[in-house]
Each structure stands twice: as structure tokens, then as C-alpha cells.
Amino acid sequence: MFKDTQSICGNLCTRIINNTDLTDLKKNFVEILTHDLKTPILAQIRVLDMLTEGKFGNLSNEQNEMIKLTLESCNYMYTMVATLISTYKFDVEDIELNYSHFNVMKIIENIVNKTRLFLKENNIKIAIIPKIKNPIISGDVIRLKKVIQTLLFNSINTAFKNSIIKIYLEQDNTNILVKFESQSGYINPEKMRKIFQIHTYHNQKYDKIGTGISLYLVNKIIEKHHGKIIAESSITQKNILGFQIPITAPDEFYYENCV
């Protein structure tokens, strides 16, 4: 399978050099990502999960540690591939959002709970500060989960050790705002603007998942919701990442799977 994938990738590179139709190349590349990379990575993750759960017998501490490291690497690759596919779809295809009403506070709390291991490693604490009475908003819950997760992980990755990340939920007349305030190094306005662009290679420390691709996708998702990104940095070493979107959906959207 992997030899076939290498052959297909080689053929794509040859076609790029020969300046063939880039639209078809993009489609072929995404098909490779989906079928030849994403699917086998997911299978590897499932097998490794079963090994760590002892489904095939007990493991020594050394074996268990090595499998966990391999699982972490596979999860990273799976996230990368999934992000690339989603980014392509937002750039090329006419993505339809699946709007629903949902409790954004519960979404944030669930994601925070999944980051406890990362928080513990650097002794970082999370404080959720709601400034709204009703946390029910309208949007594509799956894609907004991706936005919140990405912004939180970026805030954790850059925050100083032994610091506190404050998550604010605010509301103006027509918008809800979600902001992640971290104590971290100053980022000048030009770099802050570039971290949400896809072709950014200098910000590896700032965005460990995807070298700019994840934050680029975040921006696309928020734009699709008729909102905008919030990105601020202070010389007092306080950074704010977040977004604002309309509280209610445009009339043309149909609501499904309300949660």
C-alpha cells in the first residue's frame, strides 16, 4: 500500500513539474490523503489503543511507554491529514455549515477537561470567566469545537509555566465573543497577522499542530460563520486569541441536530 502511495505521489510531482491542471492535482492529492493516508493511520490508532488497553495481553512498562509514544505520533499525523483535508474543502468547495443551537460553555468545559495532562506538565491553570447569562449560541458545533480546541492548545503551548489561562465569554448586541487570554511572549502585529495565514513557517512554536495550517483553518471556519478572529498581543506579555460570531444564524440556514 505504501509503495503504491509513494508511486502516486511521485506521479503527482512529475505532473506539477510539467505544469498540468492544478485543480485536478489538488483533487487527486486530497484523495490520496483521504484513502491512502488517513484510513491506514486511523487503523494504526485503533490497534495501538487496543494494545494499551491490554486486549492482546499484558505489556511491560517499557513496551507500554513505547506504544504510547507511537500512538501520540499517529494521532499527530491523523490530525495533520484531517486538517489538510478540511482546509482544502474550505478553500475549494462550497462548504455547507450544519447549524444548531448549543451550549458553548459545555463545549469549552469538555475541551478543557481533555487538556488536563498538557496543563499539568507546565503547571498551567484554566479559569473560565463567563460574562453572559445565556451561553446558547448558533453555529456548526463540530467545526466550532475545532476552533475552540485549536485556540486553546495554541494558548497552552505558548503560555509561561506556572501561569493562568483565562477564557472569557462575552456578548455585545449581536455577537458572542470567546477569548483565550494567556501570559506569554509578545508578538508584534505583523507576526500576529501572519499566524492565521497558510504559508507561514516562522511560527512553529506558536502553532505546534500544522505550522500555521490549523490557525488558517480556524480563520476560514469563523469567516464562514460571518464572524472574525480576535488576535491581540501586549508588551506586558499578555496575548489574547479568540473569535466573535453572530449569536443567531442567518435566516437562510437550516437547523439540525440541536444540542
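Q: Which strands form a hairpin with 3 residues between them?
A: Strand 6 and strand 7 do. This is a predicted model, so read every value as computed from it.

Q: What is the phi of Gln237 in that turn?
A: Gln237 has a positive phi of about 65 degrees. Gln237 is a residue other than glycine.

Q: Is Gln237 buried, exposed or partly exposed?
A: Partly exposed, because its relative accessibility is 40%. The cut-offs are under 20% for buried and over 50% for exposed.

Q: How many bridges pair strand 6 with strand 7, and in which sense?
A: There are 7 bridges, in the antiparallel sense. Strand 6 covers residues 228-234.

Q: Which strand pairs with strand 7 over 9 bridges?
A: Strand 5, residues 175-183, and again the sense is antiparallel. Here Lys179 stands opposite Gly242 in strand 7.

Q: How many of the residues of strand 7 are buried?
A: 7 of its 9 residues, so mostly covered by the under 20% cut-off. Strand 7 runs over residues 238-246.

Q: Back to Lys179. Which residue does its side chain meet in a salt bridge?
A: Glu170, at 3.3 Å, N to O.

Q: Are Glu170 and Lys179 buried or exposed?
A: Both are buried. In general, side chains of opposite charge can pair when their charged atoms come close.

Q: Which residues are linked with each other in a network of salt bridges?
A: Lys131, Glu170 and Lys179.

Q: And how many salt bridges does the structure hold?
A: It holds 5. Among them is the one between Arg143 and Asp140, at 2.9 Å, N to O.

Q: Is Asp140 buried or exposed?
A: Buried, because its relative accessibility is 3%. Arg143 has a relative accessible area of 25%, so Arg143 is partly exposed.

Q: Which residue forms a salt bridge with Lys194?
A: Glu190. The closest N and O atoms are 3.7 Å apart.

Q: Where do Lys194 and Glu190 lie?
A: Both are in helix 7, residues 189-194. They sit 4 residues apart, about one turn of the helix. Lys194 counts as partly exposed because its relative accessibility is 30%. Glu190 is partly exposed too, with 39%.

Q: New topic: the core. How many residues are in the largest nonpolar core?
A: It has 41 residues. Those with the most contacts inside it are Val104, Ile108, Val147, Ile148, Leu151 and Phe243.

Q: Which elements each supply at least two residues of this core?
A: Helix 4, helix 6, strand 4, strand 5, helix 8 and strand 7. Helix 6 gives the most, with 7 residues.

Q: What tends to happen to nonpolar side chains in soluble globular proteins?
A: They tend to be buried together.

Q: Then which residues form a nonpolar patch on the surface?
A: Val47, Met50 and Phe56, with about 280 Å² of accessible area together.

Q: Where is Phe56 found?
A: In the loop between helix 2 (22-52) and helix 3 (61-92). Phe56 counts as exposed because its relative accessible area is 55%.

Q: Switching to Asn103. Which backbone nitrogens does its side chain reach?
A: That of Met105 at 2.9 Å, and that of Lys106 at 3.2 Å. Asn103 is in strand 1, residues 99-103. Its relative accessible area is 18%, so Asn103 is buried.

Q: And Asn162, what about its phi?
A: Phi of Asn162 is positive, about 60 degrees, although Asn162 is not a glycine. It lies in the loop between helix 6 and strand 4. Asn162 is exposed because its relative accessibility is 57%.

Q: Last one. How far apart are Lys114 and Gln149 in sequence and in space?
A: They are 35 residues apart in sequence and 9.6 Å apart in space, C-alpha to C-alpha. Lys114 is in the loop between helix 4 and helix 5. Lys114 counts as exposed because its relative accessibility is 65%.

Conventions
Residues numbered from 1 in each chain as written. Predicted model: local features only at pLDDT ≥ 70, side-chain atom pairs only at ≥ 80, totals over all residues. Heavy atoms only, no water. Buried < 20%, exposed > 50% of the residue type's maximum accessible area, 1.4 Å probe, protein only. Pairing = 2+ DSSP bridges. Patch = residues over 30% accessible without salt bridge, like charges linked within 9 Å, V, L, I, M, F, W, Y side chains within 5 Å. Areas by Shrake-Rupley, 256 points an atom, 1.4 Å probe, with all protein chains shown as cover. Salt bridge = Lys/Arg side-chain N within 4 Å of Asp/Glu carboxyl O. Polar contact = N/O pair within 3.5 Å; in protein donor to acceptor, adjacent residues only side chain to side chain. Core = buried A, V, L, I, M, F, W, Y, C linked by side-chain atoms within 4.5 Å.
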